[in-house]
Amino acid sequence: MSLLDIQDLTIEAKQGQGRQAIVDRVSFAVPEQNIVALVGGSGSGKTTTGLAVMRLLSPGLNIVSGRIYFEGNDVVAMPEGELRRYRGKQMAMVFQEPLYAFNPVFRVGCQIEEVLQFHTDLTKGQRQQRVDALLRQVEIKDPGRVARSYPYQLSGGLRQRAMLAQAIAANPKLVIADEPTSNLDVTVQARILTLFKKLRDDLKLTVLIITHDLGLVRSLADQVVVLSSGRVVEEGPAGEVLQHPRHVYTQQLLEAAK
Ligand SMILES: Nc1ncnc2c1ncn2[C@@H]1O[C@H](COP(=O)(O)OP(=O)(O)OP(=O)(O)O)[C@@H](O)[C@H]1O
Ligand SMILES: [Mg+2]
């Protein structure tokens, strides 16, 4: 059984009097301890799919049909109370929009600690130790300074690591990372990718990476799912899809990435 199994997911947006399918009968699975890349151009529905797994869609968007099984439990049918225990604890998301990510007015360490406060019984002292350990786990050399910093005081790479530390704070099984390397320069990107692999191996994490960057897919992903206008047009082992893309849209994405 796959850790995450999305079946026939359709998400619509209200548009004037009518509705428009943003995600259209999407099905794919994320096997345990795999890194799966969800790729596609801007507006193809990647973030919407990720937010649906977390059940964090904005009010204008609705899941109108389909199932999202997480360890066999349907997230679509889950009551809000249960979802709150799921988010962070079972699955966590590193958001694309800075607006949803760290709150600019609180120190980074406090925001990571908040996750621990919600999901664990650790004491204040234990939580602070755990924040320190988490920041080390994402290979931050000076965890004390980073914990005391406000988000804007960190470089893009450090902030991305700190957000990852927050995502893994309560030991989730699945991490969804939305464009984890965009806005970072190439060397920093490479280090973040290595970090994802390390976390997958050390923590037995399963990762759904959302990206438009096929370079990232090549060096990181086991499986790839290609979205175009809200539909899955191609999927398979990353190596295979990149070497022998069958769909013309995938070929165009590859061409554009050269
Ligand atoms: N709240 C909303 N209401 C209406 N339409 C929306 C809403 N959120 C997103 N959309 C539309 O849904 C489509 C898919 O958006 P989504 O953010 O999922 O794309 P994406 O693949 O993540 O793109 P990008 O690579 O630019 O991040 C877009 O056309 C977008 O305009
Ligand atoms: Mg997006």
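Predicted model: local features only at pLDDT ≥ 70, side-chain atom pairs only at ≥ 80, totals over all residues.
Residues are numbered from 1 along each chain as its sequence is written, while chains are lettered from A and ligands numbered from 1 in the order in which they are written.

Let's start with the ligand. Ligand 1 is surrounded by 15 residues, the closest being Ala 13, Ser 42, Lys 46, Thr 47 and Thr 48; a residue is near if its C-beta atom, placed from the backbone, lies within 6 Å. Helix 1, residues 46-54, gives the most to that shell, with 3 residues. Helices here are DSSP runs of H or I, at least four residues, and strands are runs of E, at least two, numbered from the N terminus.

Now, which residues have a positive phi without being glycine? Asp 8 is one, at about 55°, and Ser 229 is another, at about 45°. For context, most residues other than glycine have a negative phi. Asp 8 is found in strand 1, residues 4-15, whereas Ser 229 is in the loop between strand 9 (223-228) and strand 10 (231-237). Asp 8 is exposed, with 11 other C-beta atoms within 10 Å; Ser 229 has 15 such neighbours and counts as partly exposed. The cut-offs are 20 or more for buried, 12 or fewer for exposed, and partly exposed in between, with C-beta atoms placed from the backbone.
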